[in-house]
Amino acid sequence: MKTNLNTSLHHSAQRFNTSLLIALLLYSSTPLLLTSCRNEDVTESTFMITPKTIHAHSATFEVTPITNEFYYEADALTLEQYNQLGEQGVAEMTVQYYDSLKSAMDAQHIEYNNDYLYYKGMYDCATTSTLPASTPCIFYVMRLSSKTLEPIFPFVTYAFTTTEEISRDMTFDFTCRDNTIYVEPSDTFPYLWDYISKADLIEGYNNDLEYYARSAILMYEEYGFINNFVVKGNDHEYVLDWYPNLQAGDSIYALAVGYEQGELTTKIFSKSFAIQ
């Protein structure tokens, strides 16, 4: 799903749970019936799909619509999931997702419009759910009705297989001296690291470090500057350069994770410190 309206919207969208929603749709006794837009002006030439990156658990595709006059949605599922749901089930899943997202944004008084929620024109579309490694998958693109924003059938699809998973036996040690955080990995593989104040973690990420880490990584990937944060070997940073208003005793969390070829290669390591 497109999730870059702003930080709050982006983070809300990442709570999308594909497996749970698929299960609800497969076993629901009262499915949605989206039939009004069937066969409404969609052919294989409506979208051109070009793979950009395919990793063990994610992928990105360039989608070029035949015209810039309509909205569309794009994502991927495993081939098994896609066949289980069918186009009707995938359409229902998409509608339920956006209904929930809009309700959450309304509750948070977040302003939005369709240009921010949906794709329009050429776009690099990243998969939003975690795909299993070495697995046949389907990337699908659905045109949305200009009147109702309901999915139009049929979809345009692209079959692909995720790559093998990369796993590294690497750990991280953190120390903090004079409000400078030092990170020492146990090996020389690439990794990402960051830090966040306790106040920001509670306010923006429900006090969940892993949620923060995955949300930040996905945001950096979507905006195309993730490689600026990949490092090897020891590293350090002065906390007050980013958080000049922190006071003595305030808490800061440091975290690090292995990262190669667009994938996390270790678990997420973290440690908390108090500002001096």
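Glu-260 is buried, at 11% relative accessible area. Here buried means under 20% relative accessible area, exposed means over 50%, and partly exposed lies in between (1.4 Å probe, protein chains only).

This is a predicted model, in which local features need pLDDT of at least 70, side-chain atom pairs count only at pLDDT 80 or more, and totals for chains, interfaces and linings use all residues. Residues are numbered from 1 along each chain as its sequence is written, and side-chain values use heavy atoms, with hydrogens and water left out.

Side chains of opposite charge can pair when their charged atoms come close. A salt bridge is a side-chain nitrogen of Lys or Arg within 4 Å of a carboxyl oxygen of Asp or Glu. By this rule there are three salt bridges.

Start with Glu-260. Its partner is Arg-168, and their closest N and O atoms are 2.7 Å apart. Arg-168 lies in the loop between β7 (156-161) and β8 (172-177), and Glu-260 in strand β12 (residues 251-260), so the pair ties together parts 92 residues apart in sequence. Helices (H or I, at least four residues) and strands (E, at least two) are DSSP runs, numbered from the N terminus. Arg-168 is partly exposed, at 28% relative accessibility.

Next, find Asp-124 and Lys-52. Their side chains form a salt bridge of 3.0 Å, N to O. Asp-124 sits in strand β5 (residues 123-126) and Lys-52 in strand β1 (residues 47-54); this pair links distant parts of the chain, 72 residues apart. Asp-124 is partly exposed at 40% relative accessibility, and Lys-52 is partly exposed at 44%.

Now turn to a helix. Arg-214 forms a salt bridge with Glu-210, with 3.1 Å between the closest N and O atoms. Both lie in helix α6 (residues 209-223), four residues apart, about one turn of the helix.
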